[in-house]
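I opened this notebook to record what I looked up in one model, element by element. The sequence and structure come before the entries.

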Amino acid sequence: MYTKFQQFLQKELTDIENAGLFKKERIIVSPQGGKIALQNGKKVLNFCANNYLGLANNPKLIAAAKEALDSHGYGMASVRFICGTSDLHKKLEEKIAEFFGMEDTILYAACFDANGGVFEPLLSEEDAIISDALNHASIIDGVRLCKAVRYRYANADMADLEKQLQAAQAQRFRLIVTDGVFSMDGNVAPLDKIMELAEKYDCMVMIDESHSAGVVGKTGRGVTELYNKRGQVEIITGTLGKAFGGAIGGFTTGKKEIIDLLRQRSRPYLFSNSIPPLVAAAGIKMVEIMSETNELQDKLHSNTLYFTERMIQAGFDIKPTQSAICAVMLYDAKLSQDMAAKLQEEGIYVTGFYYPVVPKGQARIRVQISAAHNVEDLDACIEAFTKVGKELGVING
């Protein structure tokens, strides 16, 4: 049987490559940062990491992790409810809840697990989930695992959301779910208007803050801070793998009863090992750093504004952004790969995004700004984009 299946797989892979959609992994041999070293010996400026605050190689986080490695060991070798809960897990959960102004928090191995494990325990076929069309794949998969009636509205389209909410009045409980920042475009969900509609149609609200926590809002507390709605939504999911240190680990924070029920019934929580104590310790230190100073957020916001303004001036087609994501639109999949390869030759490390990560005909290079970058780094990136963009006919020469 496998011989026939192997031939099928080989054809599928060949078709992917011929279509210019084959994804190849490049190997980094240094810590994650604004500047990284590649296996080929080349050193480049990194503009495609989720390392928004530059904390992935922060000495304070590393020290906290090393200390926990000595005091709590390497791993827990258990799920939480058997013997996998440490004092560090509980402390981090308290810190995250306090940071977002919520009542309690539950930790997961990743935000993919948090989103995959949040809907099914809470909602049934009597209920409704109203989801933004551009929500992350983990939300889409989580919704699929739930028996609730599904409604979808066009990205950040409040007229369409209201239409779906009207249809969902037939169900018992209703939950609107949206990304805080949509990772491919960089736009922020209009939470103020979403919450107005939620109140009008008696609905709960869930936000995935993975790309917005640490980034959006004056102190990096995400979309709820940006719209002055801190503590007012029912559920927030997020990750420690982006702005919050860049390691691993996800969380759901929200109303106490919601978190309590997730501890009893959320399958990714019940059947997966707890995150290593060293990750929890670094997460605690991360929250403390963000609570003590606004320096990193201020630098990130300044860097992002500087970069996007100058890229637009250079003639690039940039999606409107309220985050640290700058989508440079190219529309053609092969062009996005060719441009990314030429930029790497110029010392700029970026990635082309194309179908199925984004819709067909919407290929782009997603530039991600970090507090680890300085103005010289930004200028070097803009100069390289301009040079390569002219060579490839993306902008006028």
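**Ground rules**

I am working on a predicted model, in which local features need pLDDT of at least 70 and side-chain atom pairs count only at pLDDT 80 or more, while totals for chains, interfaces and linings use all residues. Residues are numbered from 1 along each chain as its sequence is written, and side-chain values use heavy atoms, with hydrogens and water left out.

**Entry 1: the seven-stranded sheet**

I looked up the strand order and found an open sheet of seven strands, E3-E9-E8-E7-E6-E4-E5, with mixed pairing; strands (E, at least two residues) and helices (H or I, at least four) are DSSP runs numbered from the N terminus, and two strands pair if DSSP finds at least two bridges between them. Strand E3 (104–108) and strand E5 (149–153) are the edge strands, each with a single partner, so one side of each has no neighbour in the sheet. On average, neighbouring strands of this sheet are turned by 20° against each other, direction ignored.

How do H8 and H9 pack, in angle and in distance between their axes? I read an angle of about 20° and axes 11 Å apart, which makes H8 roughly parallel to H9 (under 35 degrees is roughly parallel, over 145 roughly antiparallel, 65 to 115 roughly perpendicular, and the rest oblique). The contact (heavy atoms within 4.5 Å) is made by Met158, Leu161, Glu162 and Leu165 of H8 and by Lys193, Ile194, Leu197 and Lys200 of H9.

**Entry 2: Thr239**

Thr239 lies in strand E8 (residues 235–239). Is Thr239 buried or exposed? Its relative accessibility is 11%, so Thr239 counts as buried (buried is under 20% relative accessible area, exposed over 50%, partly exposed in between, with a 1.4 Å probe and protein chains only).

I checked its polar contacts, meaning pairs of N or O atoms within 3.5 Å where, within protein, one must be able to donate a hydrogen and the other to accept it, and where residues adjacent in sequence count only if both atoms are side-chain atoms. The side chain of Thr239 reaches the backbone nitrogen of Gly241 at 2.8 Å, and a polar atom of that side chain lies 3.2 Å from the backbone oxygen of Gly249. Leaving out residues up to four places away in sequence, Thr239 touches Cys111, Ser210, Phe244, Gly249, Gly250 and Phe251.

**Entry 3: the three-stranded sheet**

A further open sheet has three strands in the order E10-E13-E12, with antiparallel pairing. Strand E10 (325–331) and strand E12 (352–353) stand at its edges with a single partner strand each, so one side of each is left without a neighbour in the sheet.

Six bridges join E10 to E13, with Ile325 having Gln368 as its bridge partner in E13. Two bridges join E12 to strand E13 (residues 363–368); here Phe353 has Arg364 as its bridge partner, and Gly352 stands opposite Ile365.

Why is E13 largely enclosed by the rest of the structure? Six of the six residues of E13 are buried, with Ala363, Ile365 and Val367 on one side and Arg364, Arg366 and Gln368 on the other.

**Entry 4: H15 and H16**

Helix H15 (residues 333–345) and helix H16 (residues 375–391) pack at about 135°, with axes 10 Å apart, which makes H15 oblique to H16. Met339, Lys342 and Leu343 of H15 meet Ala384, Phe385, Val388, Gly389 and Glu391 of H16 in this contact.

**Entry 5: Ala37**

Ala37 has its place in strand E1 (residues 35–37) and is buried, with a relative accessible area of 15%. Ala37 and Ile27 are ten residues apart in sequence and 8.9 Å apart in space, C-alpha to C-alpha.

Notes. Axes fitted to C-alpha atoms, helices over the stretch in contact; angles between N-to-C directions.
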